[in-house]
Amino acid sequence: MTVALEGFHAVKHALRFAPGLVRSVIVRDRSAAADLAARLAPDIEGALLSLAVTGPVEHPTGVQAVADRPTEDRAVLVSRTAPLVLLDDPRHPGNAGAVVRVCAAAGASGVAMTGALDPWHPAVLRGSAGLHFALPVLSVSAVDVTGPVWVLDADGDELGAIPDDVVLVVGSERAGVGAALRDRADRVVRLPMREGVSSLNLATATAAVLYSWKLRLSGGGPAAG
């Protein structure tokens, strides 16, 4: 199955993390695309230009591509050395894509999603800027994951030190985490927030938790118990 990559940054990330999966690149203007790559991502300039053909492109950056979807790596559902983020029934594709982008930046082991939203929907892929190619992005059910399960909720306990192999469950902004995953949780935890503020954007909340974990790895946070 193939996916469309809209814009230079999505193409850049696919070429950087999974170059063998990129089938073709279309550029509006070859010289402009070369200049863009030289300025923003010289590491993929050669690969981009070797695949590039000139043609009509709607995206403002003048670059788009077609790539194969990677083979699903479901091993992260069983064993991992970095947190797996599980979005429980996300509704907004752009928010889900932004979470994928955060997880790739923070070094999460992957992103899993329950519910009807296709994790590889074009709008989700657009929101991640192509960073689906940097880590496993999977559709799952609540019973597919193993290991410690932590649910993020405003009424939970203090966050504390996050285990490396945790499954971090984040609910939709409207409905929160459903009963199936809440019942499986080893802990329900919260982010410290100012009084009167009850929630954060999906990607913002995920970023706060993952970077709390990342700071611990670098010696800037509490040790795991």
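This is a predicted model: local features need pLDDT of at least 70, side-chain atom pairs count only at pLDDT 80 or more; totals for chains, interfaces and linings use all residues.

Me: In what order do the six strands of the open sheet lie?
Reply: The order is S7-S6-S5-S9-S8-S10, with parallel pairing. Strands (E, at least two residues) and helices (H or I, at least four) are DSSP runs numbered from the N terminus, and two strands pair if DSSP finds at least two bridges between them.

Me: Which are the edge strands?
Reply: They are S7 (137-139) and S10 (187-190), each of which pairs on one side only. Neighbouring strands of the sheet are turned by 35 degrees against each other on average, direction ignored. Axes here are lines fitted to C-alpha atoms, for helices over the stretch in contact, and angles run from 0 to 180 degrees between N-to-C directions.

Me: How many bridges join S5 to S6?
Reply: Four bridges join S5 (residues 84-88) to S6 (residues 110-113), and the two run parallel. Leu 86 stands opposite Ala 112 of S6. On S7, the bridge partner of Ala 112 is Leu 138, and three bridges join S6 to S7.

Me: Is S6 covered on one face or both? What lies there?
Reply: Both faces are covered, with Gly 110 and Ala 112 buried on one side and Val 111 and Met 113 buried on the other. Buried means under 20% relative accessible area, exposed over 50%, and partly exposed in between (1.4 Å probe, protein chains only). In a regular strand the side chains alternate between the two faces of the sheet.

Me: What handedness does the unit of S5, H4 and S6 have?
Reply: S5, H4 and S6 make a right-handed β-α-β unit. A crossover is right-handed if, with the strands pointing away from the viewer, the path from the first strand over the helix to the second runs clockwise.

Me: And H4 itself, what does it pack against?
Reply: Its buried residues pack against S5, S6, H5 (122-127), S7 and H7, contact meaning heavy atoms within 4.5 Å. Among the buried residues of H4 are Val 99, Val 100 and Cys 103. H4 is followed by Gly 107, whose phi is positive, near 90 degrees.

Me: Changing topic: how many residues does the largest nonpolar core have?
Reply: It has 58 residues, and those with the most contacts inside it are Leu 5, Val 25, Leu 48 and Met 113. Its largest share, seven residues, comes from H7. A nonpolar core is a set of buried Ala, Val, Leu, Ile, Met, Phe, Trp, Tyr and Cys residues joined through side-chain atoms within 4.5 Å. A second, separate core of 15 residues includes Val 76 and Val 169.

Me: Last one: is Ile 162 buried or exposed?
Reply: Ile 162 is buried, with a relative accessible area of 3%. This residue is found in the loop between S8 and S9. Not counting residues up to four places away in sequence, Ile 162 touches Trp 150, Val 209, Ser 212, Trp 213 and Arg 216.

Terms used. Residues are numbered from 1 along each chain as its sequence is written. Side-chain values use heavy atoms; hydrogens and water are left out.
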